[in-house]
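Visitor: I should like to learn how to read a protein model feature by feature. May we go through one together?

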Amino acid sequence: MIWLALLMGCPPAVTLNCSAVDPVFGEMQVALQVDSSAVVTGTATHPEGLAIRTISVGGEPANADDFNYAEWSVDLPAEVVDDLLGGADLIDVDAISTDACGISTRFATDTIDLQTGPDPFVEDLALTFEFPGEHDYLPADGSAQALVTALANVEAIGMPVSFGTSLGLLDATTTVLLSRDDLAAATVAFTGDSPGVTLITASSGGQTVSRALNVRGSAVLLPNAADIDPGEAYGVQVDPDGATLASCSAEGELGATSGGVDIKTTPGGTDSDGDGRYDLFVTAPISAAVGDSVTITCVDVFGQQAVGTYAVPDPTP
Ligand SMILES: [Ca+2]
């Protein structure tokens, strides 16, 4: 009989009548967090010395921080707090225990009160940029956007943020820091409208942070126009001007190559001498006629185009 009582979690010294045991007693305190989650801590004692099996608050199970839930705690996520409040500013929540006899007891109560929550504050304000395709700049033609995110400590949730830029366009200049991955974060989209370096700023709670963002135009063909006589080859370089080149292609009667590859049929580009510029050659066969030409088009990773045209000149002035 004793071993059976032990298995059931009841003291062996008494003949336990579960219908007559006194209920669990204890206390609890709700601490509302700035992100509208709550940390609930409390104490519990079973007057009969029985095992306490579970304690829950708002449907969330508590951790036993000491033997038999003598001290316990439970984190209520913001969604749970929101559900409990049901639109109200203030509501009472109960701690419910279940003991070894299976008896449930509402043994403590405290209030969730939105009016007495802590005030948000900002520290560690920072800016991050997310470029499309993991590039490190935006095109000046406005064809792509970067995401600008202000990050701050979790206690900054709910604070307004002001964004600014020295060129280009932000899709919003004020927003609010919201919860994200244990941080406060607010994101706006940025679009470039002219080449240059812009200083993006974010200000919140008395802090200001700024960071440079590169907006780049198309690459440049050097030169982007030239005469070429029949039987000659002409070197053309592609200066990316900070952009990331994708490829060059060509159309026309004259030839165009890079690294020995005909870019009229196989778009590409080779930097033969490692100076960061594609090295192209325009070639005019002996049979080339006056007015024969080739047009080279180089695009960067955003599709911004650089165009150059090379032609056989009229030899008669
Ligand atoms: Ca080169």
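Guide: Let us begin with confidence: pLDDT is the predictor's confidence in each residue, from 0 to 100. This is a predicted model, in which local features need pLDDT of at least 70 and side-chain atom pairs count only at pLDDT 80 or more, while totals for chains, interfaces and linings use all residues. Residues are numbered from 1 along each chain as its sequence is written.

Visitor: In which elements is confidence lowest and highest?

Guide: Helices (H or I, at least four residues) and strands (E, at least two) are DSSP runs, numbered from the N terminus. Confidence is lowest in helix H1 (residues 2-7), with a mean of 45, and highest in S24, at 98. Over residues 1-7 the pLDDT is below 50, and this stretch has 5 contacts beyond near neighbours in sequence; two residues are in contact if their C-beta atoms, placed from the backbone, lie within 7 Å. Where pLDDT is low, the predicted coordinates should not be read in detail. The protein as a whole averages a pLDDT of 91, and 94% of the residues score at least 70.

Visitor: How many helices and strands are there in the protein, and into which domains is the protein divided?

Guide: The protein has 2 helices and 27 strands. Domain bounds come from an automatic or database domain assignment, and here they give domain 1 (2-116), domain 2 (126-216) and domain 3 (220-311). The C-alpha centres of domain 1 and domain 2 are 45 Å apart.

Visitor: What radius of gyration does the protein have?

Guide: The radius of gyration is taken over C-alpha atoms, and the globule rule is 2.2 Å times the number of residues to the power 0.38. For 317 residues, a compact globule would have a value near 20 Å, but the protein has 36 Å. Along the principal axes, its C-alpha atoms fill a box of roughly 120 × 50 × 30 Å.

Visitor: Which residues of strand S6 lie on its covered face, and which on the uncovered one?

Guide: In a regular strand the side chains alternate between the two faces of the sheet. Strand S6 (residues 71-76) has Trp72, Val74 and Leu76 on the covered face, and Glu71, Ser73 and Asp75 on the uncovered one. Strand S2 (residues 38-45) runs antiparallel to S6 and is joined to it by 6 bridges, with Val74 as the bridge partner of Val40. Strand S5 (residues 63-64) is also antiparallel to S6, through 2 bridges; there, Ser73 is the bridge partner of Asn63.

Visitor: Which residues touch the most other members of the largest nonpolar core?

Guide: In soluble globular proteins, nonpolar side chains tend to be buried together. A nonpolar core is a set of buried Ala, Val, Leu, Ile, Met, Phe, Trp, Tyr and Cys residues joined through C-beta atoms within 7 Å. In the largest core, of 25 residues, they are Ala150, Ala152, Ala156, Val161 and Leu177. Among the elements that give two or more residues to this core are strand S11 (145-152) and strand S12 (160-165). A second, separate core of 24 residues includes Leu221, Val238, Tyr310 and Ala311.

Conventions:
Buried ≥ 20, exposed ≤ 12 C-beta atoms within 10 Å, placed from the backbone. Pairing = 2+ DSSP bridges.
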